[in-house]
Amino acid sequence: MSLLSRRDFIKRTLAAGVASGLVLSGLGKAAEGATITPRGTFYDLTKCDGCKGLKVPRCVSVCREENSFKFPKPAEHIEYYWPQKKKEDWRDKKDLTTRLTPYNWTFVQHVQVKQDGRTVDVFIPRRCMHCDNPPCANLCPFGAQSKTPEGPVIINPNLCLGGAKCRDVCPWGIPARQAGVGLYMKLAPRYVGGGVMYKCDLCYHRVKEGKIPACVEACPRGAIAFGDKEEMREQAWKRAREIGGYIYGDKENGGTSTFYVSPVPFQKIHEQLMAQKNKQPNPTAPGFPGMPVGVGNFLDSVNGIAGALLVAPLAGTFAAGYAAYRTMKGEEDHGG
Amino acid sequence: MADKILVRENKVRRHSVSVLFVHWAVAISTILLIFSGFGQMPMYRRYMIYKIPGLGWSADFSVTLYMHYVAAAVLMFAAAYHIVFHVLRKEYGILPGRGDLKESYLIIKAMLTGGKEPPSDKFLAEQRLAYAYIGFWLLVIIVTGIIKVLKNLPGINFTGNTMIWVTDIHTFATFMLIFGILAHLAAFLFKANRPLLRGMFTGKVDLEYVKHRHPLWYDRLVKKRAQSPGSRERAANLPQDMTV
């Protein structure tokens, strides 16, 4: 090590740093390049009346028909989630259409909001918002969820173990769990896993074929528009300006592909929804989402430190270069 | 080489400050990563770990995920430091070589039966193997972890199949690593290995231990000492059996 120079060390250290940088940027590029344009949905709440006169709104009933082949088919006997004395089993409530369940992927909420001295009825079809950066899919510990290039966020029912983390990190708690079905039944169903999570996949089987989701097609009042996401966003903003209304879903959770336009502020809608939820027999039960305005993304806090995280190996590289130079220089000086 | 015989203390300096830093940074960050990683599974609510006093936070994904990121930064800093530091210093003594499997078997057999071990260099054959095993799985975890971090960023989306592979390799590698860590700790069930334990805290091991168990290393240390300037003066201070 007698031919050691400061310049050599800086060169070697820089080369290692650049190599790491290239690896990282290469990975970033590999993620781009999708040619399919994302789809979006625009709900015009000034048009939706919850299908007055029908027992079940059309969007809900056609969704159930269209997607019934994907619904859970659980085993007869379902164990508790050891060591707890509970299990999430919706088999006896398959007919429920007033909340999200593994057998009901969309439903219509109804609130009455006071606005300028009058009461406005607002009907809100609810389902997965298909977020731009979905924490549910990103944080699935088994990679069982993904965002497709077309926009829908989908759950792989053959891989999902039903830990329900996706529901916890979703600002609306959308995915619903059915026990007694899925991969965990082949492992140790008493001790590991909890079932499979179910939610709207935006009729992905239809979207892949260039068709529109069943709910969009069935809406008798044309309250749901589906198409190129940017177009939907534009339409929503245009409509909001026309009526002096409000928009929901554009900024929430870091951006979604679902845009609601309402004549009344969503803050008021959210308050009404929460009041309704609190009156339910079990107010903490999932499946009845609110509309928190400007709600953040679960990943915001860690993404804030992701830069520091990715720089850590480079910092280690430079620190090591400095330390190695110092120690070797020292050994040289002392004849080491 | 920072290694040298410390005559007055009757010890040998085995690890530099850099090595101690890397070992403990990796150990502590890995323990935190494993704990917070299991929190992501999610396990602590299901198995009611969060009800243990003081662990109420463990079921909160936002806490365990943040912890996972911070610990990952420490691990990646230490891993990069380790590789670059030793490559620059051309120190490769811990990399496994041909015959290490057999030699490792002979050492373990000798520890169990009380027989004579083959002479070792600075690192025992099983230490070289353990290093390669743990290092390999740590690298797999780091690479898949980086992809997972990138995927969490807005605007970056990998295909579903890619993420299944990346996620499940990350998890599988963690289980392989845990197995390696348990084996690493189990090494200290053998009395013969215990002098090394103190070395990982102080950087120094007993001279007598080195002479008997690491004679190849000891010979090199003695040679190095003889070659260094001022060796003649120092030789006068060496115990009889160390004079060269």
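## A viewer tour of chains A and B

Start by selecting Asp250(A), which sits in the loop of chain A between strand 9 (246–248) and strand 10 (258–262); helices (H or I, at least four residues) and strands (E, at least two) are DSSP runs, numbered from the N terminus. Before going on, note that this is a predicted model, where local features need pLDDT of at least 70 and side-chain atom pairs count only at pLDDT 80 or more, while totals for chains, interfaces and linings use all residues. Residues are numbered from 1 along each chain as its sequence is written, chains are lettered from A and ligands numbered from 1 in the order in which they are written, and side-chain values use heavy atoms, with hydrogens and water left out.

**Stop 1: around Asp250(A)**

Is Asp250(A) buried or exposed? Asp250(A) counts as buried, at 9% relative accessibility; buried means under 20% relative accessible area, exposed over 50% and partly exposed in between (1.4 Å probe, protein chains only). Now show the side chains of Arg233(A) and Trp237(A). The side chain of Asp250(A) makes a polar contact of 2.3 Å with that of Arg233(A) and another, of 2.9 Å, with that of Trp237(A). A polar contact is a pair of N or O atoms within 3.5 Å; within protein, one must be able to donate a hydrogen and the other to accept it, and residues adjacent in sequence count only if both atoms are side-chain atoms. Setting aside neighbours within four places in sequence, the contacts (heavy atoms within 4.5 Å) of Asp250(A) also include Gly255(A), Thr256(A) and Phe259(A).

**Stop 2: the nonpolar cores**

Next, select Val122(A), Ile124(A), Tyr260(A), Ile269(A) and Met291(A). These have the most contacts inside the largest nonpolar core, a set of 67 residues. Such a core is a set of buried Ala, Val, Leu, Ile, Met, Phe, Trp, Tyr and Cys residues joined through side-chain atoms within 4.5 Å. Apart from that core lies another, of 48 residues, and among them are Ile305(A), Phe85(B), Val140(B) and Ile141(B). Back at Tyr260(A), its contacts beyond four places in sequence include Tyr43(A), Leu45(A), Tyr246(A), Phe266(A) and Met291(A).

**Stop 3: Leu139(A) and the cysteines**

Move to Leu139(A), in the chain A loop between helix 3 (135–138) and strand 4 (145–147). Leu139(A) is buried, with a relative accessible area of 6%. Which residues does it touch, leaving aside neighbours within four places in sequence? Leu139(A) is in contact with Lys165(A), Val169(A), Phe298(A) and Leu299(A), and with Leu65(B) and Asn152(B).

Now colour the cysteine sulfurs. Counting a disulfide as a pair of cysteine sulfur atoms within 2.5 Å, the total over all chains is zero. For Cys140(A), the nearest cysteine sulfur is that of Cys160(A), 6.5 Å away; Cys140(A) is buried, at 12% relative accessibility. The sulfur of Cys166(A) is also too far for a bond, because its closest cysteine sulfur, in Cys160(A), is 6.2 Å away. Cys166(A) is buried too, with 8% relative accessible area.

**Stop 4: chain B**

Finally, select residues 66–88 and 130–149 of chain B, two of the spans that UniProt lists as "transmembrane region" in an unreviewed entry; UniProt positions are given in the numbering used here, feature names are shortened, and annotations may be inferred rather than shown by experiment. Residues 66–88 are 100% helix and 0% strand, with end C-alpha atoms 33 Å apart. Residues 130–149 are likewise 100% helix and 0% strand, with their end C-alpha atoms 28 Å apart.
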